[in-house]
Amino acid sequence: MVAGAGIGGLAAALAATRAGWLAHVFEQSAQLGEVGAGIQLGPNATRLLRAWDLLPAALLQGCAPERVVARDAQGGHELGVLPLGREAEARYGAPYLTIHRAELHGLLQQAAQAAGVRTHTGQRVRAFIESDTAVGLDLDAAASPEGDALVAADGLWSGLRRQLLGDAPPTPSDHVAYRGLVPMSELPPRWRVAEVTAWLGPRLHAVSYPVRGGDMLNIVFFLEESPRAGERWGWDHPAAAARLKAGLPAVCAPLRELVERVPSWGLWVLHDRPPVAGPQEMARGRVALLGDAAHPMRPYLAQGAAMALEDAFALGRALACVEADVADLPAALRRYALERWQRCARVQRRSLRNATLFHAGGPLRLGRDLALRSLGRRVMDLPWLYGGSA
Ligand SMILES: Cc1cc2nc3c(=O)[nH]c(=O)nc-3n(C[C@H](O)[C@H](O)[C@H](O)COP(=O)(O)OP(=O)(O)OC[C@H]3O[C@@H](n4cnc5c(N)ncnc54)[C@H](O)[C@@H]3O)c2cc1C
């Protein structure tokens with residue numbers, strides 16, 4: 001049983017089914033789907049899409065950028081370049097991909113359905129009840145299903161994590177993300193390029209890249225702002241545009257023009273949890289945590305969904321051992337947690353460190369820019385990450 005039909009939950013159900021299990025997914029929303037904007041997937045994640053036969057369709061719907069460019073957000077000039085395209089494919093055996101998250105979610109949903117995953121919408125999982133031989137679910141609906149194991153993929157605000165680990169909710173950071181999409185046809189030619197651009201400035205950065213086969217530009221601004229009590233957040237946030245424009249420090253003319261052309265903005269206050277401290281924080285008994293429920297992270301390495309996909313793949317492999325009578329179920333989930341926790345913690349730490357580097361001012365900024373100019377790809381490439389654990 002899987003709680004949550006986000007990217008992580010659907011991938012987990014798909015991987016479990018491919019390992020020979022019958023997977024049931026319980027999703028609180030009335031309909032399956034993802035709102036939102038774009039997502040970047042490094043070769044560590046696209047390699048898994050290939051293993052699930054989803055890569056050709058993902059490449060058709062998304063884009064394979066030719067390079068990542070770091071630029072100065074104030075002056076607009078280039079600081080460093082990491083070639084992608086064929087080079088990334090040759091280096092890592094899989095491409096770098098940018099895609100709208102609804103399209104990635106749709107591909108996983110179709111694959112899960114075709115594999116025989118049973119999805120139950122409008123079913124919020126309130127709690128689990130674990131015995132030596134099974135796990136039961138307490139649902140809003142009358143039925144109380146029982147299964148061999150529970151994968152809690154219920155996201156950043158996971159109530160099942162609270163029940164399993166008894167820890168506190170995530171804490172708000174002073175970083176806010178503003179996310180928008182704009183048709184390429186409405187932008188000057190300089191934006192119609194197959195590249196991911198990271199615009200770095202003091203106390204802010206922005207990331208832009210094409211999605212929807214190159215028809216749309218995805219743009220996210222990350223600004224340092226004091227947290228506001230009782231903040232509302234989400235897509236089409238009514239105050240987001242005015243707030244972004246008011247809070248945006250001096251940035252180069254192209255970025256400023258771009259802000260004016262985005263029709264609506266979503267607003268997210270980013271939240272933090274300490275990095276995973278050990279395997280006991282990812283699985284206990286017959287219950288495993290996966291994706292943001294296990295290891296939410298700042299999106300500054302663009303790896304949250306990628307880690308959820310890696311989790312799902314590792315879970316599938318561990319579950320295959322039970323099918324083959326090599327391990328019992330709690331042992332298989334322990335194996336999953338042992339395989340995943342250190343890598344997830346490393347990515348969480350590195351994502352947080354990037355916040356300091358990307359938003360640097362003063363001497364740190366000078367050092368960063370010098371390193372990007374003189375070493376370029378050597379500081380931008382991440383073989384330990386893109387080479388993958390799977
Ligand atoms: C600004 C921003 C940019 C990002 N960019 C990238 C990127 O470029 N690349 C990348 O890899 N990642 C990126 N991420 C991270 C990525 O979006 C997340 O890590 C990923 O979507 C997490 O997926 P998930 O399935 O674990 O959780 P979620 O997507 O949160 O899904 C959880 C699901 O569980 C359901 N649910 C919750 N509670 C219950 C319950 N009690 N019962 C039943 N259902 C429940 C929810 O309705 C939801 O459908 C970004 C994040 C942000 C904020």
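Ala94 sits in the loop that runs between H4 and strand S6, residues 97-100. Before I go on: this is a predicted model.

Stay with Ala94. Is Ala94 buried or exposed? Buried: its relative accessible area is 0%, and the cut-off for buried is under 20%. Which residues does Ala94 touch, beyond its neighbours within four places in sequence? Pro43, Thr46, Arg47, Arg50, Ala88 and Glu89 are in contact with Ala94. For a sense of distance, take Gly4. Ala94 and Gly4 are 90 residues apart in sequence, and C-alpha to C-alpha they are 28 Å apart in space.

Next, the aromatics. How many aromatic pairs does the structure hold? Seven. Here is one of them. Tyr92 and Tyr386 pair edge-to-face, with 5.9 Å centre to centre and 70° between the planes. Tyr92 belongs to helix H4, residues 85-92, and Tyr386 to helix H13, residues 383-386, so this pair ties together parts 294 residues apart in sequence. Both partners are under the 20% cut-off for buried. Tyr92 has 12% relative accessibility. Tyr386 has 7%.

Now the helices. Two packed helices are described by the angle between their axes and the distance between those axes. I'll give you both each time.

Start with H1 and H9. Their axes are 8 Å apart, at an angle of about 20°. Angles under 35 degrees count as roughly parallel, so H1 and H9 are roughly parallel to each other. Their crossing is right-handed. Who meets whom? From H1, we have Ile7, Gly8, Ala11, Ala12, Ala15 and Ala16. From H9, they meet Ala305, Ala308, Leu309, Ala312, Leu315, Gly316 and Leu319. By class, that contact has eleven nonpolar residues, two polar and no charged ones.

H1 also packs on H5. H1 covers residues 7-18, and H5 covers residues 101-115. The axes come within 9 Å and cross at roughly 25°. H1 and H5 are therefore roughly parallel to each other too. The handedness here is left-handed. On the H1 side, the contact uses Ile7, Leu10, Ala11, Leu14 and Thr17. On the H5 side, it uses Arg101, Leu104, His105, Leu108, Gln109, Ala111, Ala112 and Ala115. The class count for H1 with H5 is nine nonpolar, three polar and one charged.

H2 is residues 43-51, and H9 is residues 304-323. The angle is about 45°, and the axes are 9 Å apart. That makes H2 oblique to H9. The crossing of H2 and H9 is left-handed. Asn44, Ala45, Leu48, Leu49 and Ala51 of H2 meet Ala306, Met307, Leu309, Glu310 and Phe313 of H9. By class, this contact has eight nonpolar, one polar and one charged residues.

Is Arg365 buried or exposed? At 17% relative accessibility, Arg365 counts as buried. Leaving aside neighbours within four places in sequence, Arg365 is in contact with Asp72, Gln74, Pro202 and Ala360.

That's my tour. Over to you.

Note on methods:
Residues numbered from 1 in each chain as written. Predicted model: local features only at pLDDT ≥ 70, side-chain atom pairs only at ≥ 80, totals over all residues. Heavy atoms only, no water. Axes fitted to C-alpha atoms, helices over the stretch in contact; angles between N-to-C directions. Helix = DSSP H or I, 4+ residues; strand = E, 2+ residues; numbered from the N terminus. Parallel < 35°, antiparallel > 145°, perpendicular 65-115°, else oblique. Left-handed = near helix turned anticlockwise from the far one by under 90°. Contact = heavy atoms within 4.5 Å. Nonpolar A, V, L, I, M, F, W, Y, C, P; charged D, E, K, R; others polar. Phe/Tyr/Trp six-rings, centres within 6.5 Å; stacked < 30°, edge-to-face > 60°. Buried < 20%, exposed > 50% of the residue type's maximum accessible area, 1.4 Å probe, protein only.
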